[in-house]
Structures are given as structure tokens and as C-alpha cells.
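Visitor: I would like to learn how to read a protein model. Please take me through one, feature by feature.

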Amino acid sequence: MSSPNSSQLHAAAGCSSGQMFLQPVWDRLRTREALTQSPFFPVIFAITTYVSFCLPFVVLDLLCPWVPALRRCKIQPDSAPSARQLLSCLRQTLYQHLVIVFPLTLVHWARSPALPPPEAPALPQLLGHVVLCLLLFDAEFFAWHVLHHRVPWLYRTFHKVHHQNAPSFALATQYVSVWELFSLGFFDVVNVWLLQCHPLTVLVFHTLNIWLSVEDHSGYDFPWSTHRLVPFGWYGGVVHHDLHHSHFNYNFAPYFTHWDRLWGTLRPPRAR
Ligand SMILES: [Zn+2]
Ligand SMILES: [Zn+2]
């Protein structure tokens, strides 16, 4: 007789339907422990996810001059990154991941518990933690961003490099100084630690955070862009961040609009 798998054991133990929904996904991931527990996994995951999210936008930028429907979705239709800009951004991202991100994730890996928990998180808990992580990241980066624009030395030394590529494009997302990269990574990691997130939640949050940051810099405002899916103008997204790259002193929050609204730095885009 075959032994019951984790899902069946959890059903027998009466675990929640949300947990039941995620348990097969988690069980499948745990069968790939050799990969997911490897010290190389965080950096391979970060770089492959980032480049995979950027590549479709690189293709769209190549097609844009020839496809009028695509040009209508481009926020600044006359702009297109040059091959030199694309290569320079990609080179810097790969270099920083190898020289900065990999050693840091190696230290983090060495300090992490060896075995992941056998139970998946409940779906409401995963969703709640992901939203909380995004809200915390948004608040932390807002404060960091305002400070690095308000203090000229901080701007010149640490943040100016990110504003070199204007108008923005997807591969310019991580074209940042080492200090900015470190700060972003720190906010990413500290929030999941503060909330004691399940490893599956951490994976979902990091994937979503990379996607939203790439979308912010893509320069494309599609009918399905995140800011059109979130109601009441709570989410600024690509149209707000594109305005930040062209007008500097507005729209400091990367995702949501409440901090800029409170701080008096919200600049809504003109209707398209
Ligand atoms: Zn930016
Ligand atoms: Zn800025």
C-alpha cells in the first residue's frame, strides 16, 4: 500500500482549505530541495526572474516603431533605448549580482534554518503577508527616496545614477548604485523577517516585487497595468514612476499613492 502524501496527511489533520490549496504547490517545491536550498538559488532566482520580466519589454521596444497600437500604449512614444543603453544596464545588473548580491545571499543562506517547514501557509495568510510586505517596502523606499532627493550630496553620490536613463525602460530598473541596491535588498529581506513569512510567501513576494519594479520602469501603460487594476487611485505604478523620472520632485513612492498624497508630492498623470 502506498504511503499518504503531505496533502492527504494535512486533509486528515483537518488543515484549512487555504492551506490545502497551497500544499500541493509547496510539496512540489520541496521535492526540488536540492535546487531551492542551494546557496546559488537566491541569486539565480533573482537574476533569472528579473531578466525574464525585462525581456518581453525589450522585444516590445524593438517592435514599437513599427506597431502603431503599441506606440499608443507607450507613455513617451518617441523614446526608445539604444542597444548601448540596454547592454550597459544588463552588464551592470549581472556584475552587481555576481559581486554584491551573491556574497550577501551566501551569508544569509548560511544563517538560515536548514529545513523548510513541511506545511504550506494558509492562502489568506500568504496574501495578507504579501500585501503587508509591499506596503512596508513602499513606505521604506518612499522615506529613502525623499531623503536621497532632498539632500544634494546623497542624490549626487547614490541616486543620480538611477536617473541617468530618462525616459526609463525595463532594463534600467536595476541600474542603481551599490548603496541603492543594498538598501532595496535590505528592505526586501527585513520585512519578510519582521513578519516571519513562510518561505513560499517570501518567494511570492520577491517575484511580485521584481515584476512591479520592472513594470514601473517599462514605459508602457497597458489596459492591464497594475495601476488600472487597483481601485480608487491607490496605486500609482508605471505612469507615476515615469513622471518621477521626468520631473524628479514628485511621486517618490514606488507603488502606492498614499505617502505622496500625505507628503504633498503626488503629481497625477494627465489623462491619456
Ligand atoms: Zn526609477
Ligand atoms: Zn528618484
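Guide: We will go from the overall fold to single residues.

Guide: This is a predicted model, where local features need pLDDT of at least 70, side-chain atom pairs count only at pLDDT 80 or more, and totals for chains, interfaces and linings use all residues. Residues are numbered from 1 along each chain as its sequence is written, while chains are lettered from A and ligands numbered from 1 in the order in which they are written.

Visitor: What is the mean pLDDT of the protein chain?

Guide: pLDDT is the predictor's confidence in each residue, from 0 to 100. Here the chain's mean is 89, and 92% of its residues reach 70 or more. Residues 1–14 stay under 50. For that stretch the model has 15 contacts beyond four places in sequence. A contact means two C-beta atoms, placed from the backbone, within 7 Å.

Visitor: How many helices and strands are there in the protein chain?

Guide: Helices (H or I, at least four residues) and strands (E, at least two) are DSSP runs, numbered from the N terminus. The protein chain has 13 helices and zero strands.

Visitor: How do I read the overall shape?

Guide: Start with the radius of gyration, taken over C-alpha atoms; the globule rule is 2.2 Å times the number of residues to the power 0.38. For 272 residues a compact globule would be near 19 Å, and the protein chain has 20 Å, which agrees. Along the principal axes, the C-alpha atoms fill a box of roughly 65 × 40 × 40 Å. Next, look at contacts between residues at least 6 apart in sequence: 60% join residues at least 24 apart.

Visitor: What share of the residues of the protein chain count as buried?

Guide: A residue is buried if 20 or more other C-beta atoms lie within 10 Å of its own, exposed if 12 or fewer, and partly exposed in between; C-beta atoms are placed from the backbone. Of the 272 residues, 30% count as buried.

Visitor: How do I check a single helix?

Guide: Compare its length with the expected span, 1.5 Å times one less than its number of residues. Helix α7 (residues 123–150) has 28 residues and should span 40 Å; its end C-alpha atoms are 40 Å apart, which agrees. An α-helix has 3.6 residues a turn, so residues three or four places apart point the same way. The buried residues of α7 include Leu126, Val130, Cys133, Phe137 and Phe141.

Visitor: Where does UniProt place the feature "transmembrane region"?

Guide: UniProt positions are given in the numbering used here, feature names are shortened, and annotations may be inferred rather than shown by experiment. The unreviewed UniProt entry lists residues 40–64, 94–111 and 126–147. In the model, residues 40–64 are 92% helix, with end C-alpha atoms 36 Å apart. Residues 94–111 are 100% helix, and their ends lie 25 Å apart. The entry also gives "domain: Fatty acid hydroxylase" at residues 130–265. That stretch is 64% helix and 0% strand.

Visitor: Which residues touch the most other members of the largest nonpolar core?

Guide: A nonpolar core is a set of buried Ala, Val, Leu, Ile, Met, Phe, Trp, Tyr and Cys residues joined through C-beta atoms within 7 Å. The largest has 23 residues, and Cys133, Leu200, Phe205 and Ala253 touch the most other members. Elements giving two or more residues are α2 (17–30), α7 and α10. The largest share, seven residues, comes from α7. Apart from this core lies another, of 14 residues, among them Ala172 and Tyr175.

Visitor: Why does phenylalanine 205 count as buried?

Guide: Phenylalanine 205 has 23 C-beta neighbours inside 10 Å, so it counts as buried. Phenylalanine 205 sits in helix α10. Beyond four places in sequence, the contacts of phenylalanine 205 are Val130, Cys133, Val192 and Cys197.

Visitor: Which backbone details deserve a look?

Guide: Look at phi and omega. Alanine 166 and proline 167 are joined by a cis peptide bond, with omega about 0°. Proline 167 is in the loop between α8 (152–159) and α9 (178–194). Phenylalanine 232 has a positive phi, near 60°, in a residue other than glycine. Asparagine 251 also has a positive phi, about 50°.
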